[in-house]
Amino acid sequence: MNIIGLTGGIGSGKSTIVRLFGDLGVHWVDADDVAREVVEPGMPALAAIADHFGQDILTAEGALDRARLRQIIFEQPEQRAWLERLLHPIIREELIRQLHPTDYCLPYVLLVSPLLLETDQHKLVDRILVVDVPVDVQIERTMARDTNSREQVERIIAAQLPREQRIAQAHAIIDNSQPTDKVAAEVRALHEKFMVDFG
């Protein structure tokens, strides 16, 4: 199975692009979804996180308090490193499982990951597709979507790979600041190219 890694900075519109591929019948796995699944209540990773950070990291319902965890790991890089050492291998194993669907006839699947190039997830893929928008568009979209402050969004962007480095590693780029119909046409053209390349 050929795996195309779809990535882009926060607020670039990866979800929109992957849905367009999904409409064409392409199977995709979102690393963010898998990252949430592996820390659901009852999962071993959540127990390890609670042991490390204390029970305050859990909500009253026993779920992970994501906002609290996010605050800790952005303020304390060593805690972020600990969390990544715990979760990355678990996430990788689950990604590999989900990227090989049964009863699927297309020659490629998509791995959607904002941290594709920052982690070893890029080793799982055959090609890299970058969803790109200017940084000011990233900031505007993320502030509107998540009601984060500009400063917080800028910190998140700074923690991700710089836009230029992401683009330099891309086999294909979709400019997601264009009108919707142009973006959809680009997706269809790429899909046809992948079908030929991998067929």
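The buried residues of helix α3 are covered by parts that include α4 (66-75) and α5 (77-98). This is a predicted model, where local features need pLDDT of at least 70, side-chain atom pairs count only at pLDDT 80 or more, and totals for chains, interfaces and linings use all residues. Residues are numbered from 1 along each chain as its sequence is written, and side-chain values use heavy atoms, with hydrogens and water left out.

**Helix α3**
- Helix α3 covers residues 44-53, and A45, L46, I49, A50 and F53 are buried there (under 20% relative accessible area, with exposed over 50% and partly exposed in between; 1.4 Å probe, protein chains only).
- Down the axis of α3, the buried residues fall within an arc of 135°, so they line one face of the helix. The arc is that of the directions from the helix axis to the C-beta atoms.
- P44 and D51 are exposed on the other side of α3.
- G54 follows α3, and its phi is positive, near 95°.

**Overall fold**
- The protein chain has 9 helices and 5 strands. These are DSSP runs, numbered from the N terminus: helices are H or I, at least four residues, and strands are E, at least two.
- Along the sequence, the pattern is β-α-β-α-α-α-α-β-β-α-α-α-β-α.
- The C-alpha trace spans about 50 × 40 × 30 Å along its principal axes.

**Burial and contacts**
- Of the 199 residues in the protein chain, 42% are buried.
- Take contacts (heavy atoms within 4.5 Å) between residues at least 6 apart in sequence: 73% join residues at least 24 apart.
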